[in-house]
Amino acid sequence: MAGRREDPESDDDSYEVVDITNYARRHQWWSRVFGNNSGPIAEKYSVATQVMMGGVTGWCAGYLFQRVGKIAATAVGGGFLLLQIANHSGYVQVDWKKVEKDVNKAKKHLKKKANKAVPEINSFVEESSEFVKRNIVLSSGFVGGFLLGLAS
């Protein structure tokens with residue numbers, strides 16, 4: 001953001017140097033996206049409101065996690081049970097050597113992918129921990145609500 005100054009006494013072209021780092025610190029990305037009234041939750045709401053918001057959203061997430069987890073576990077367990085019944089009844093013949101070979105191949109593939117994804121996972125963990133540190137009241141309310149949602 002350099003602006004040209006017109007100075008009749010100087011023949012040289014002179015430019016004003018503007019430091020944009022202070023501007024970037026004052027105007028966070030969420031201010032550009034959501035407007036000037038957005039920012040860390042700790043700046044906008046009281047502690048009681050933050051705990052309540054975190055608790056309600058945590059309870060909803062925990063309740064949904066519990067319900068979806070039960071459905072998924074029932075589906076996977078039922079599928080294995082039906083596969084075993086079909087195997088013992090003679091409807092299905094399983095080539096266990098091929099299954100073992102494919103599982104080992106998948107493990108090697110996952111290890112390679114996991115090693116490549118480590119920097120992305122580390123950056124996500126760092127960003128998440130920074131969010132939790134900035135919004136500790138909201139985060140603790142969310143965790144409590146999540147555990148209550150799992151229990152209900």
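1. In which helix is Lys112 found? Lys112 belongs to helix H4 (residues 96-134), where helices are DSSP runs of H or I with at least four residues, numbered from the N terminus. The model is predicted, with local features needing pLDDT of at least 70 and side-chain atom pairs counting only at pLDDT 80 or more, while totals for chains, interfaces and linings use all residues. Residues are numbered from 1 along each chain as its sequence is written, and side-chain values use heavy atoms, leaving out hydrogens and water.

2. Lys112 is exposed, because its relative accessibility is 58% (exposed means over 50%, buried under 20%, partly exposed in between, with a 1.4 Å probe and protein chains only). On the surface, Lys112 gathers with Lys108, Lys113 and Lys116 in a patch of positive charge; such a patch joins like charges within 9 Å, from residues with over 30% relative accessible area and no salt bridge (a Lys or Arg side-chain nitrogen within 4 Å of an Asp or Glu carboxyl oxygen).

3. Aromatic pairs number 3, by a rule that asks for ring centres within 6.5 Å and calls planes under 30 degrees apart stacked, over 60 edge-to-face and the rest tilted. Trp59 and Tyr63 are stacked, at 5.1 Å centre to centre and 15° between the planes; both lie in helix H3 (residues 47-89), 4 residues apart.

4. Phe65 and Phe146 form a tilted pair, since their centres are 5.7 Å apart and their planes at 50°. Phe65 lies in helix H3 and Phe146 in helix H5 (residues 136-151), so the pair ties together parts 81 residues apart in sequence. Ring pairs link Phe65, Phe142 and Phe146 into a cluster.

Methods. Patch = residues over 30% accessible without salt bridge, like charges linked within 9 Å, V, L, I, M, F, W, Y side chains within 5 Å. Areas by Shrake-Rupley, 256 points an atom, 1.4 Å probe, with all protein chains shown as cover. Lys, Arg positive; Asp, Glu negative; His and termini not counted. Charge placed at Lys NZ, Arg CZ, Asp CG, Glu CD. Helix = DSSP H or I, 4+ residues; strand = E, 2+ residues; numbered from the N terminus. Phe/Tyr/Trp six-rings, centres within 6.5 Å; stacked < 30°, edge-to-face > 60°.
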